[in-house]
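Please read it alongside the sequence and the structure shown here.

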Amino acid sequence: MQRVSTLMYYTAGERAISARQSELLAAQAQLSSGRRIAAPSDDPIGAATGTALRAGISQLDQFKGNQSHARFLLNQSENSVAQFTNTAQAARDQLLGAANGTNSDQERQIFARDLESLLAQMVGLANAADGIGGFLFAGAREAAAPFGQSGSVVSYSGDANEQRLEVSNNRYVQVKFTGDDVFLKTRPGNGTFTTAAAATNTGTGVIDPGGVTDPSQLTGSAYTIDFDGTQFVVTRASDGTQFTFAPGSGGTTALQFDGLRVTVNGAPAAADRFTIQPAGYQSIFDTMAQAIAALKTTGTDAAARARINTTLGGAIASVDQALDHLVLKRAQIGASLAELDGYEQLNDDRNLEYQGRLSAIEDVDFAQAASELTRRQTTFEAAIKSYSSISRLSLFDFL
Amino acid sequence: MSTGILSIGNSALAAAYTALRTTGNNIANANTPGYTRQSVVLVPQQGTSSGGIFLGQGVVVADVQRVYNAFLTQQANQATALSSAAEARSAQLSQLQNAFADPASGIGATIDQFFGALQELTQRPSDPAARQALLSAAGQMAARFNDAGSRVQEFRNDNERQLQLETVNVNRAAQEIAQLNDRIALALGSGVAPNDLLDQRDAAIRRLSESIQVSTVTQSDGSVNLFLANGQALVVGDQFNRVLLATDPADPQTLQVGVNVSGQFRPIQPDQIGGGRIAGLVQFRSEDLPRLENELGRLAVSLASAVNAQHRLGNDRNGNPGGDFFTPPVADAYPAPNNGNAATQISVSFTDPTQLQASDYRIRFSGGQYTLTRLADGAQFTSATPAFTQDGLSITLANTPPADGDSFVIQPVRGASRDLALAITQPSEIAAAAPVAASLQLTNTGSITIDDLSVLSPRAANLSSPATLTFGAGNTYTITSGAVTQSGTYTAGQPISFDNRFSITLRGAPQAGDVVNIGPNTGAIGDNRNLLKLTQLQNAAVVDGVSLSAAFSTVVARVGGDAQLAQFADNAQRGILDAALNAESSVSGVNLDEEASRLIQYQQQYQAAARLIAAAKEIFDDILSLGR
């Protein structure tokens with residue numbers, strides 16, 4: 001049997017009570033704060049996981065911000081490109097009307113003025129502001145409007161910098177399309193080459209924009225087509241190779257060589273010349289400027305009309321290419337938006353998941369905590385009751 | 001005859017009185033800590049033989065003894081020392097973790113906010129407000145790191161104050177014990193057991209044990225010699241040695257605990273202090289604080305270095321090359337003050353901040369060989385030449401060789417958290433843009449497109465003249481920039497690196513004569529390409545193979561884990577101490593019920609003795625009356 005000293009009895013009792021009390025307080029603090037981890041030592045791994053999850057959630061919040069900004073910019077771009085497409089479509093309709101071979105100088109002037117006003121509208125649309133102080137189609141040079149107009153000559157002062165944003169971990173979406181990409185990088189003519197008639201032509205021959213019959217045979221070279229009065233002589237500029245073609249019946253000659261095909265309608269005069277150039281890039285503004293210049297050309301004789309019609313035919317083909325290009329860009333914007341939909345969904349799902357895990361780690365399970373509190377309360381009561389009743393016992397009371 | 005009875009009665013009366021006094025004293029000291037209960041030792045008075053009959057002569061009080069078990073008391077002293085050590089360290093660690101792990105405003109949150117502001121700026125790189133917001137977020141992050149650094153310093157200062165107090169306690173107790181030794185030896189020499197002095201000395205040893213662990217050896221003259229855990233004598237007889245704090249001569253930033261033995265300071269290694277609050281405080285100071293400081297510092301160095309490196313690859317709002325975003329971290333290193341060759345200097349620079357370890361280092365020159373020790377884990381690296389490249393550090397010594405035995409302290413990341421600061425002050429100085437831009441020439445007939453243009457080094461910013469990439473026949477290309485020319489064959493999607501300046505990736509089929517222009521990125525205030533690279537640092541492995549946030553959560557786990565283990569240790573030691581104190585108290589403590597029964601016992605003896613004297617008087621009276 002162990003002796004129990006009075007001092008020890010009191011100290012032990014007091015210590016046990018204060019230990020129960022601090023346990024009770026800890027349980028109460030958990031319940032009142034709702035937090036399971038008050039200090040990292042309560043659950044070091046949980047606290048560290050919580051820190052990492054919070055970093056993840058903060059990043060997801062930022063992605064969400066980027067996503068909504070991306071949507072904001074892409075919607076505007078989509079809208080601007082759509083309006084631009086409508087304007088280009090209107091220009092094409094005008095060009096079709098103007099290409100009617102019977103128009104007088106005066107009538108062509110009217111078409112020219114219409115096209116000029118459409119061109120101004122196009123420049124205006126291409127200079128669309130992005131709503132936050134910059135421009136939609138300026139690339140990174142957002143200090144000034146990207147397109148300038150002097151007469152019918154349109155210049156671009158933006159750059160080719162396509163702004164992207166991180167919309168999900170390591171996933172970037174292009175949010176700004178540059179004027180360079182949308183309006184400048186269009187191919188004229190049929191998209192592969194352009195055709196033209198020499199200004200000195202005296203016949204009524206009109207060359208069409210042509211087309212590609214076999215892409216594998218394309219050489220990428222320029223060609224000249226000379227009519228020597230009896231036949232067409234095609235010269236490949238890169239090495240001087242020549243092909244000859246006899247004029248076709250009914251004033252229509254189809255020339256097919258090196259995987260391409262052009263048709264000359266009408267009656268060219270001897271020494272008339274047509275050219276074929278591989279297509280570089282030509283902006284829709286330049287196409288418009290060429291068409292306007294052609295329409296402003298005076299002269300109603302057959303040869304002049306033929307030259308104008310060749311130019312307008314090329315211009316219509318170029319506008320068609322530009323329209324195709326605009327459709328492609330709209331599709332890209334749409335694809336970016338569709339991609340965003342996916343990332344927004346992913347982001348929300350992940351956010352929910354992270355929040356859930358964070359809550360599971362850091363938040364109190366109230367049912368469990370409440371029952372724990374009750375249990376500790378009972379223990380505490382037992383401790384104080386037993387202490388007070390036993391400490392009342394003393395032999396001195398019976399002396 | 002009646003005088004015999006009277007003297008027996010007297011002796012009984014005196015014995016009962018002494019016993020009652022002793023019981024009274026026990027009752028009086030029932031709640032006195034350190035009091036050892038006393039009991040009277042009664043022996044029969046030597047009897048006289050008279051006529052062949054041996055008659056008892058009453059009782060004498062032979063001694064008033066302390067009821068004492070030296071082994072149990074020693075055990076309680078040891079348990080006190082260990083429990084105090086655990087308690088001191090646990091208390092410090094608990095405070096420390098609260099200072100660093102607040103999820104809402106801690107370092108982790110400000111790192112998140114910094115990268116958040118970077119992401120925000122990618123949306124509108126030219127917006128001065130967004131730029132200012134990034135500077136503010138970066139400033140707050142730096143301030144939080146600084147706070148953490150100075151909090152650690154506060155903990156260190158507070159720790160030093162506590163250690164000073166503890167040494168005062170130790171010296172006071174040691175002095176008291178030495179004096180008591182003297183008085184006890186004197187008292188015992190004159191044949192008296194000085195119970196209260198013994199109690200006082202035991203109490204002083206117990207108080208001393210709370211501060212520092214000692215072992216006791218009792219001498220034949222009753223004095224007690226005290227030895228520290230490393231064997232160093234603290235109290236010998238009536239002499240004692242002072243415990244002092246002093247800076248480590250090999251490292252002025254380290255505080256050493258030691259004993260002053262006849263004017264000479266003898267340091268005690270931190271792991272040899274054993275127990276007592278001093279042991280807990282020293283462990284906290286020499287292990288826990290530096291580790292946290294180094295981990296935070298490493299985080300700061302890795303963060304600042306990674307951000308700086310990327311920031312220098314960009315162009316600012318005015319088109320100028322980006323500078324350092326944070327002031328470049330500097331590794332701290334110095335020769336030990338007591339080196340034999342004071343001319344030898346040490347310099348340390350960061351070669352690869354992603355490889356840094358959260359540790360201090362020490363170089364020792366001995367036997368013509370340099371030994372580099374990583375103090376966190378004791379790993380050693382040797383070299384015959386005065387240069388090391390280790391753990392992302394480049395360490396070189398100048399004016400070698402040092403004297404044999406000379407050492408050098410390297411604290412590469414210790415102060416980095418305190419020193420983290422912004423190097424840029426103007427929003428326009430944020431290098432959001434890439435220094436170069438690529439564009440396709442309008443005359444291109446091929447279907448080449450630009451997929452990516454990456455900056456390889458700050459050299460990209462000073463292209464002497466724009467670079468032109470021209471395609472020739474058969475997918476060959478030539479890049480020309482001023483006098484530098486580079487040719488190759490193009491493969492779609494394959495990056496082409498040029499002159500350690502940039503790397504360009506193209507797609508599509510080129511035609512001979514197609515041209516890609518790569519030139520200075522002028523006027524590109526809306527360019528966010530360098531920002532996109534900066535945001536990638538959030539998840540990049542820039543801290544010894546893990547990301548910044550993972551590294552920070554490791555720090556949280558470490559601090560929390562240390563605090564938790566210290567609490568467990570504290571609780572366990574507290575339990576052991578309670579058991580030891582109970583064991584001691586069960587022998588030496590006063591039980592009031594026991595004393596109450598003694599009280600009855602001796603009171604009855606007293607009454608009986610008094611009755612005996614009364615009986616003697618009656619007998620005497622009877623005899624007197626016979627003569628009447």
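Contact here means heavy atoms within 4.5 Å. By that rule, Ser221(A) touches Arg236(A), Ala237(A), Ser238(A) and Pro278(A), not counting residues up to four places away in sequence. The model is predicted: local features need pLDDT of at least 70 and side-chain atom pairs count only at pLDDT 80 or more, while totals for chains, interfaces and linings use all residues. Residues are numbered from 1 along each chain as its sequence is written, chains are lettered from A and ligands numbered from 1 in the order in which they are written, and side-chain values use heavy atoms, with hydrogens and water left out.

**Interface of chain A and chain B**

- Chain A brings 54 residues to the contact and chain B brings 73 residues.
- About 4900 Å² is buried between the two chains, with 51% given by carbon and sulfur atoms; buried area is the accessible area (1.4 Å probe) that two parts lose on being put together, summed over both.
- Arg3(A), Ser41(A) and Phe396(A) supply 13% of the area that chain A buries against chain B, more than any other three residues.
- Two salt bridges are counted between chain A and chain B, a salt bridge being a side-chain nitrogen of Lys or Arg within 4 Å of a carboxyl oxygen of Asp or Glu.
- Arg15(A) and Asp578(B) form a salt bridge through their side chains, at 2.5 Å from N to O.
- On the side of chain A that touches chain B, the elements giving two or more residues are helix H1 (6-33), helix H2 (44-98) and strand S3 (164-168) of chain A. Helices (H or I, at least four residues) and strands (E, at least two) are DSSP runs, numbered from the N terminus.
- H2(A) gives the most to that side, with 14 residues.

- In strand S9 (residues 232-236) of chain A, five of five residues are buried, where buried means under 20% relative accessible area, exposed over 50% and partly exposed in between (1.4 Å probe, protein chains only).
- One side of S9(A) carries Phe232(A), Val234(A) and Arg236(A), and the other carries Val233(A) and Thr235(A).
- Strand S8 (residues 223-227) of chain A runs antiparallel to S9(A), joined by five bridges; two strands pair if DSSP finds at least two bridges between them.
- Phe227(A) stands opposite Phe232(A), and Gly229(A) in the hairpin of S8(A) and S9(A) takes a positive phi near 105°.
- S9(A) also pairs with strand S10 (residues 242-245) of chain A, antiparallel over four bridges, with Thr244(A) as the bridge partner of Val233(A).
- Five residues lie between S9(A) and S10(A) in their hairpin, and Gly240(A) in the turn has a positive phi of about 80°.

**Ser221(A)**

- Ser221(A) sits in the loop between strand S7 (211-212) and S8 of chain A.
- Ser221(A) counts as buried because its relative accessibility is 10%.
- Its side chain reaches the backbone nitrogen of Ser238(A) at 3.1 Å.

**Leu24(A)**

- Leu24(A), in helix H1 of chain A, is buried, with a relative accessible area of 16%.
- Leu24(A) and Glu372(A) are 348 residues apart in sequence and 8.9 Å apart in space, C-alpha to C-alpha.

Conventions: A polar contact is a pair of N or O atoms within 3.5 Å; within protein, one must be able to donate a hydrogen and the other to accept it, and residues adjacent in sequence count only if both atoms are side-chain atoms.
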